[in-house]
Amino acid sequence: MKQAYDLHSHTTVSDGTLTPEELVKKAIDDKFHAIAITDHDNIDGIKRAQKAAEDSNLEIITGVEISVEYQPGTLHMCGYFMDLNNDFLNDRLNFVQEARRQRNPKIVKKLNDAGFDMTMAEVEDVAGSKQVGRPHFATVMVDKGYVKTKQEAFDKYLDKSASCYVNKERLSLEDSVKAIKTAGGIPVLAHPIQLGLANKKEYRDMFVHLKNMGVMGIEAFTSRQTDEENSLFYQMAKELDMLITGGSDFHGANKPNVKLGHFGSEVKVNFPALIKEMKGICKKI
Ligand code: AMP
Ligand code: ZN
Ligand code: FE
Ligand code: FE
């Protein structure tokens with residue numbers, strides 16, 4: 001079922017394939033009421049999107065998705081309604097953007113060593129913006145015929161467990177929460193399933209830990225999870241009295257199966273009420 005709201009989307013500012021302006025146009029054409037733009041470690045698309053939505057009824061919610069230091073899985077922290085001009089937030093985002101710039105040539109080197117001919121310039125070219133992410137490496141590998149699909153590029157070379165993976169410095173959990181909250185925003189754990197924990201108890205304990213660390217919400221509804229998983233995380237977040245959000249994690253052609261506004265068939269989020277509640281919380285922070 002398609003929602004008229006989506007609190008998780010990417011543009012060319014990170015590793016989506018639509019520009020902020022194109023994403024806004026799509027959301028207006030598809031009659032969305034509100035979308036959050038949550039580019040990886042970067043808020044440069046927000047003002048552009050808000051400007052593009054100016055003469056429409058579409059609300060653009062300020063967002064970001066920060067990669068957090070975490071083992072063995074992946075912990076992504078979304079932030080909503082931050083002050084874009086906050087110095088501490090911008091300083092922390094600059095730090096992780098620099099870490100990414102340090103990492104990327106190392107991936108090129110590993111791929112070269114593995115026998116693939118490619119340059120950083122070629123990867124930057126497909127990125128179409130200053131910020132390069134692993135999906136852009138995957139695109140170059142497909143374009144050059146080294147792999148059939150982007151997924152194959154991840155599975156064989158780019159995934160955390162694969163041969164050409166290079167780690168990058170990330171923010172600690174504490175710092176990610178602090179960066180978002182210092183800027184007056186709301187930290188929300190993205191796609192919990194990617195934590196890669198073993199069972200329900202581990203997830204529940206982790207949610208309690210996150211709540212104690214200042215995380216305020218759980219993205220229980222996401223295209224990255226099955227309906228059963230969505231429902232499980234919804235129940236857990238509800239019992240812990242945390243905010244419950246939902247989003248598709250739209251990346252355009254970089255994740256062709258993920259559609260804007262689609263994140264499960266049993267989405268139990270009243271978005272107008274949620275957005276109002278979040279705005280109320282931000283006023284108090
Ligand atoms: P980066 O931030 O540059 O490390 O790249 C992260 C991006 O790569 C995110 O959009 C992820 O969804 C994507 N990604 C990471 N691992 C995989 C995987 N195994 N398969 C497909 N996409 C992945
Ligand atoms: Zn991404
Ligand atoms: Fe993510
Ligand atoms: Fe995402």
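I started with G133. G133 counts as buried at 5% relative accessibility. Buried means under 20% relative accessible area, exposed over 50%, and partly exposed in between, with a 1.4 Å probe and protein chains only. I placed G133 in the loop between α4 (120-127) and α5 (134-143). Helices (H or I, at least four residues) and strands (E, at least two) are DSSP runs, numbered from the N terminus.

A note on the source. This is a predicted model, where local features need pLDDT of at least 70, side-chain atom pairs count only at pLDDT 80 or more, and totals for chains, interfaces and linings use all residues. Residues are numbered from 1 along each chain as its sequence is written, chains are lettered from A and ligands numbered from 1 in the order written, and side-chain values use heavy atoms, without hydrogens and water.

**Zinc**

Next I looked up the zinc ion (ligand 2). D15 (OD), D15 (OD), H40 (NE2) and H251 (NE2) coordinate the zinc ion at 1.9 to 2.5 Å. Donors are N, O and S atoms within 2.8 Å of the metal (3.2 Å for Na, K and Ca); water is not among the atoms, so sites may look incomplete. The sequence spacing of the zinc donors reads D-x24-H-x210-H. D15 sits in the loop between β1 (5-6) and α1 (20-29), and H40 in the loop between β2 (34-37) and α2 (44-52); the pair links distant parts of the chain, 25 residues apart. D15 is buried at 6% relative accessible area. H40 is buried too, at 9%.

**Iron**

I then turned to the iron ion (ligand 3). Its protein donors are E65 (OE), H76 (ND1) and H191 (NE2), at 2.0 to 2.2 Å. I noted their spacing as E-x10-H-x114-H. E65 lies in strand β3 (residues 59-68) and H191 in the loop between β5 and α8, so this pair ties together parts 126 residues apart in sequence. E65 and H191 are both buried. The iron ion (ligand 3) and the zinc ion (ligand 2) are 5.8 Å apart.

**Strand β5**

I followed β5 (residues 186-189). I186 and V188 point one way and P187 and L189 the other, and all are buried. In a regular strand the side chains alternate between the two faces of the sheet. Strand β4 (residues 75-80) runs antiparallel to β5, joined by 4 bridges. Two strands pair if DSSP finds at least two bridges between them. I found Y80 opposite I186. On pairing with β6 (residues 217-222), β5 is parallel, over 2 bridges. Here V188 stands opposite G217.

**Arginine and backbone checks**

R170 is in the loop between α6 (150-158) and α7 (173-182). I checked the contacts of R170 and found a polar contact of 3.5 Å between its side chain and that of Y165. A polar contact is a pair of N or O atoms within 3.5 Å; within protein, one must be able to donate a hydrogen and the other to accept it, and residues adjacent in sequence count only if both atoms are side-chain atoms.

I logged a cis peptide bond between Q71 and P72, with omega about 0°. P72 is in the loop between β3 and β4. K31, not a glycine, has a positive phi near 65°. K31 is exposed, at 63% relative accessible area. F81 also has a positive phi, about 65°, without being a glycine. F81 is buried, at 18%.
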